[in-house]
Amino acid sequence: MKWDGVRALAHIDPAGAVRLFSRTSRDITASYPELAEPLAAAAAGREMVLDDELVAPGPGGAPSFSRLQRRMHVRAPSQVLIGQVRVDYMVFDLLGLDDEPLLSTAYQQRRARLDDLGLDDGARVRVPPVWPLDLFGAEELLRVSAQAGLEGIVCKRWDSIYEPGRRSTAWIKTVLRARTEAVVVGAVPGNGANAATFGGLILAGHTPDRRLRYIGGVGTGFTHATRRQLRARLDEIHRDSSPLDDPAPAAITRTACWVEPVLVADIEYREVSGDGSLRHPSFRGIRTDKAALEVGMPS
């Protein structure tokens with residue numbers, strides 16, 4: 001199953017010290033202090049490197065990315081916030097055990113060894129199951145994923161090695177609804193209740209030749225608190241000219257407030273129109289685990 005959270009790596013040393021790292025190699029241990037003790041207990045004195053997804057279960061039990069947003073940007077969360085927004089550690093791969101690196105070991109063997117470790121404590125540390133496609137078809141698994149309120153599935157070749165630093169073609173993600181990351185390049189003015197913040201964000205993506213191109217705007221999906229926080233951040237990264245390599249439509253350019261292209265938004269949408277812009281987009285959050293230069297064009 002595909003878990004709606006943020007990717008993280010964990011290194012647990014033999015003494016039980018735990019360090020968590022984001023996809024961009026940023027140390028995020030202090031952001032999730034409640035995970036150190038259960039991870040150390042699960043490791044039971046063995047050194048290991050784990051790949052996982054940090055998730056925040058919603059009221060129905062399914063991971064909620066918008067809920068996780070309350071924790072992603074907090075470097076030293078209070079006990080009140082930790083109590084309000086539970087974060088679990090979903091382990092799906094084993095990259096090293098004691099003195100043995102496992103990057104070149106086939107996924108089927110890595111997964112079997114992960115299962116044998118018995119890390120799942122039924123609470124904060126979880127090892128979700130896998131289903132061989134010769135026993136369970138992809139269509140059936142997608143149906144189950146939809147019923148459970150999850151994002152979709154990730155299919156992995158049993159014989160694949162672990163390829164750090166790139167998106168492996170041996171791991172194929174299938175989502176149940178269209179979703180993309182987009183670079184925030186500006187904002188347009190708001191009216192009424194949104195006059196003090198913004199009406200919508202201007203979005204862009206990188207073409208294969210690394211040109212930053214306009215893909216539309218998003219004006220829904222924001223809470224009032226998110227609008228205020230984003231307005232403050234947009235003011236910090238303001239710039240006088242457009243960062244786009246190809247001009248945006250004139251109607252956008254006339255009123256746009258441009259910003260440095262450093263923020264990555266998580267966007268849900270219905271489809272991509274003929275001119276490459278998103279139809280019916282909705283804002284889901286700002287991703288801190290993705291670099292703007294990683295963001296391509298939506299498919």
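**Exercise 1. Against which elements do the buried residues of helix 2 pack?**

This is a predicted model, in which local features need pLDDT of at least 70, side-chain atom pairs count only at pLDDT 80 or more, and totals for chains, interfaces and linings use all residues. Residues are numbered from 1 along each chain as its sequence is written, and side-chain values use heavy atoms, with hydrogens and water left out.

*Solution.* 
Step 1. Settle the terms. Helices (H or I, at least four residues) and strands (E, at least two) are DSSP runs, numbered from the N terminus. Buried means under 20% relative accessible area, exposed over 50%, and partly exposed in between (1.4 Å probe, protein chains only). Contact means heavy atoms within 4.5 Å.
Step 2. Identify the residues. F65, L68, Q69, R71 and M72 are buried in helix 2. Seen down the helix axis, these residues fall within an arc of 165 degrees, so they line one face of helix 2; the arc is that of the directions from the helix axis to the C-beta atoms.
Step 3. Name the partners. The buried residues of helix 2 pack against strand 1, strand 3, helix 3 (79-84), strand 9 (179-188), strand 12 (257-268) and strand 15 (282-287).
Step 4. Inspect the end of the helix. S64 caps the N-terminal end of helix 2, with a side-chain oxygen 3.1 Å from the backbone nitrogen of R67.

**Exercise 2. Describe how helix 4 is covered and what follows it.**

*Solution.* 
Step 1. The buried residues of helix 4 are Y107, R110, R111, L114 and L117. They fall within an arc of 115 degrees, so they line one face of helix 4.
Step 2. Strand 3, strand 4, strand 7 and strand 8 are among the elements that cover these residues.
Step 3. G118 follows helix 4 and has a positive phi, near 65 degrees.

**Exercise 3. Which parts of the chain does the pair of Y107 and W158 tie together?**

*Solution.* 
Step 1. State the criterion. Rings of Phe, Tyr and Trp (its six-membered ring) pair if their centres lie within 6.5 Å; planes under 30 degrees apart count as stacked, over 60 as edge-to-face and the rest as tilted.
Step 2. Apply the criterion. The structure holds six aromatic pairs. One of them, Y107 with W158, is stacked, at 5.7 Å centre to centre and 20 degrees between the planes.
Step 3. Locate the partners. Y107 lies in helix 4 and W158 in the loop between strand 7 and strand 8, so the pair ties together parts 51 residues apart in sequence.
Step 4. Y107 is buried, with a relative accessible area of 4%, whereas W158 is partly exposed, at 33%.
Step 5. Widen the view. F92, Y107, W158, Y162 and W171 form one aromatic cluster.

**Exercise 4. Is R284 buried or exposed, and with which side chains does the side chain of R284 make polar contacts?**

*Solution.* 
Step 1. R284 lies in strand 15 and is buried, with a relative accessible area of 16%.
Step 2. A polar contact is a pair of N or O atoms within 3.5 Å; within protein, one must be able to donate a hydrogen and the other to accept it, and residues adjacent in sequence count only if both atoms are side-chain atoms. The side chain of R284 makes such contacts with the side chains of D4 (2.8 Å) and E268 (3.5 Å).
Step 3. Not counting residues up to four places away in sequence, R284 touches residues including F65, Q69 and R179.
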